[in-house]
Amino acid sequence: MTSRAGKPDTPADIELRSILDTDTSTGFVMVSGAGSGKTTSIVKALDHLRKTRGPYLRQCAKKIACITYTEVAVSEIWGDVGNDPLFHVSTIHSFLWTAIKPFQVDIASWVGRRLDQKIVDTEEKVAAFTNRTHGKTRVQAAADIERYRAQKLEIASVDRFTYGVGSDYPKGILGHDDVIRLSTELIRSQPLIARVVGQKFPFVFVDESQDTAPDVVEALKAVSEALGPKFCLGFIGDPMQKIYTTGAGAIEPLPGWKSIEKPENFRCPVAVLNVINNIRLGGDGLTQTGGKTEFVGEDRKPVQGTAKLLVVPKDDRSGRLSAARQWLANQHADPLWLSNEPEADVKVLVIAHRMAASRLGFGGLYEAFHDKTSEGLKAGFDDGSHWSVQPFLKFLMPIVLANGANEQFEMMNLLRRFAPSLQREYARANALPTILKELDGRVKTLTEAFGANSTVAAFEALGHLRDGKMFRLDDRLLTAMAEHNATVPPTDSGDTAALQKLLHTPMKELWGYRTYIEEQSPFQTHQGVKGAEFSRVLTILDDEEGRHNQFSYGKLFGITPPSDTDESNRREGNETTFDRTRRLLYVCCSRAGKDLAVIFFADDPAAAHAAIADLGLFPPEDVHILAP
Ligand SMILES: Nc1ncnc2c1ncn2[C@@H]1O[C@H](COP(=O)(O)OP(=O)(O)OP(=O)(O)O)[C@@H](O)[C@H]1O
């Protein structure tokens, strides 16, 4: 076990151990705020169970399951428990599949029922078609029904179903969504299956329980109901940190379960802790105590930290952001606020990557690749692996940079690796010195014409690579180039349009995109930051650029009036924009281990300043207007 298990006990840890030691315990719910050390509590509980129950569980080939949200969290906890096979540490999908995969006959009949359902659903859709229904839609629906029928026959010869990326029933592959649907349905409808799952895993802990789907929560509760005290189920989470609309939020304990509170916060300094407690006051009111401490001489003392809210006008957003960082650097005499280097530990939190894209100057390109495009195209663009952007990221930009820095060796490496004109078949037939001279001239042109400030279209740059035999372009890219109309940019959306828009994109946008892909940027999304911790956190609140109507900081701060829908949601007790926005703000602000700054882009800075200072989330003296 690593240092997590060795951290000092909190009262919650002691209470949890006593629950685990009692043979009549059936379950518990631990609710605790940000930075309270939930993962530490889980690791300590696992360590305790290993000591008290390990030998018996091993003898009976039983395991203790710990389910968490991301692969990163899985590997962290795995490391903490020393990769001991007594524990099954995994994401929910992989846990449910491990639990359910022995029931192959039930799985096969579920897949058959699923196909029947798809046929019925499509037939109902067809029945609702009108005269105005498009011919293409009719043909598609008929083809779907045929395909489902054929698949029903094909699955009869599947020997064994496995878990894969996307469902392909005739090949016996079940994707993520099907694994969740199938396992939760089987566990809930067949008590025998529920009992077998619980007997194999007599202890199940679910971390980040607020973002676990309600069906999964119900399925695990069904195991608890089937086995009583022979099974102990624990949900550990924070309803205030629910990020996904599909999450269960607060978990209702079953009768007999214990509720554990863990009020400490070990991460945030005093100034930040006060702010996050204030944010929470308008939500569930949970108040955290303690805060980060450090040794001063022999004694542990609270860290004061800083928390400021800066109201800025909504004009030149990038300029305003730079000015705010400069202001923070001056105020705190801390030049690291200006640094984008990882060591500076500055994180700028934006509501969507769209916003990072527009800050880094590739907003148009981002929209093209995200506007009604396929998931594959979006994902390939987001991580830089798509074939259409590879010529830029892998070759053009590195060689321009190498040329600028006069790194001859690196330039030669890139050319040897990628340039078709240096491949053996071509180079043998031609004089090498001539080829090298030509390539040298072409690299110079690339540097001059397509550098970081170039407004020349990407189409021209690709043409230069193709004609100079510098990089082998994907056939699909060559086709798009052949169909390209340089004078008329496409107005529609989708994958084909995205490629055409890419060809129209000025090179400087692609350079901004490179900065993002190379993670030279300190930007991260509000949603993606869960579980993380940074010294300096700068949270940007900008309703316009977020384009999420689920969130509105203007409404939360009482600047934008609530809509009719907000009012009716509030009256009916539904989740509101206010609840969602408050939670997002809580998650972002609670990441700060030292200094927090929140920037609010306002239409009317003076009015916004007055409203925010009045709210009392931040001390009034820490709410500033940064205007010219
Ligand atoms: N019992 C403890 N004593 C001292 N420090 C602790 C203890 N438990 C956790 N910590 C420290 O508190 C910080 C927050 O811990 P952790 O990230 O596990 O909290 P969390 O509850 O999972 O946070 P969040 O919900 O915000 O993601 C870490 O730096 C961790 O080392």
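Guide: We can go from the whole chain to single residues.

Visitor: What kind of model is this, and how are residues numbered?
Guide: This is a predicted model, where local features need pLDDT of at least 70, side-chain atom pairs count only at pLDDT 80 or more, and totals for chains, interfaces and linings use all residues. Residues are numbered from 1 along each chain as its sequence is written.

Visitor: How many helices and strands does the protein chain have?
Guide: There are 28 helices and 18 strands in the protein chain. Helices (H or I, at least four residues) and strands (E, at least two) are DSSP runs, numbered from the N terminus.

Visitor: What does the chain span along its principal axes?
Guide: The C-alpha trace spans about 85 × 70 × 55 Å.

Visitor: How much of the chain is buried?
Guide: Of the 628 residues, 39% count as buried. Buried means that 20 or more other C-beta atoms lie within 10 Å of a residue's own, exposed means 12 or fewer, and partly exposed is in between, with C-beta atoms placed from the backbone.

Visitor: What about contacts along the sequence?
Guide: Take the contacts between residues at least 6 apart in sequence: 74% of these join residues at least 24 apart. Two residues are in contact if their C-beta atoms, placed from the backbone, lie within 7 Å.

Visitor: Changing topic: which residues come nearest the ligand?
Guide: Ala34, Gly37, Lys38, Thr40 and Phe266 do, out of 16 residues around the ligand. A residue is near a molecule if its C-beta atom, placed from the backbone, lies within 6 Å of it.

Visitor: What classes are in that shell?
Guide: The shell has 9 polar, 4 charged and 3 nonpolar residues. Ala, Val, Leu, Ile, Met, Phe, Trp, Tyr, Cys and Pro count as nonpolar, Asp, Glu, Lys and Arg as charged, and the others, Gly among them, as polar.

Visitor: Now helices. At what angle do H9 and H10 cross?
Guide: Helix H9 (residues 191-200) and helix H10 (residues 214-227) cross at roughly 90 degrees, and their axes come within 8 Å. That makes H9 roughly perpendicular to H10. Angles of 65 to 115 degrees count as roughly perpendicular, under 35 as roughly parallel, over 145 as roughly antiparallel, and the rest as oblique. The axes are lines fitted to C-alpha atoms, for helices over the stretch in contact, and angles run from 0 to 180 degrees between N-to-C directions.

Visitor: Which residues meet there?
Guide: From H9 come Pro191, Ala194, Arg195, Val197 and Gly198, and from H10 come Ala222, Val223, Ala226 and Leu227. By class, this contact has 7 nonpolar, 1 polar and 1 charged residues.

Visitor: And H22, which of its residues are buried?
Guide: In helix H22 (residues 495-504) they are Ala498, Leu499, Lys501, Leu502, Leu503 and His504. What covers them includes helix H14 (363-370), helix H15 (375-383), helix H20 (458-467) and helix H21 (475-482).

Visitor: Single residues next. Is Val111 buried or exposed?
Guide: Val111 counts as buried because it has 21 C-beta neighbours inside 10 Å. Val111 is in helix H6 (residues 104-127). Beyond its neighbours within four places in sequence, Val111 is in contact with Ile155, Phe161 and Tyr169.

Visitor: What is the phi of Glu208?
Guide: Glu208 has a positive phi of about 50 degrees, although it is not a glycine. Glu208 is in the loop between strand E6 (203-206) and H10. Glu208 is buried, with 24 other C-beta atoms within 10 Å.

Visitor: And the phi of Ala333?
Guide: Phi of Ala333 is near 45 degrees, a positive value in a residue other than glycine. Ala333 is in the loop between helix H12 (317-331) and strand E14 (346-350). Ala333 counts as exposed, with 7 C-beta neighbours inside 10 Å.

Visitor: Where is Pro335?
Guide: Pro335 is in the loop between H12 and E14. Pro335 also counts as exposed, with 11 C-beta neighbours inside 10 Å.
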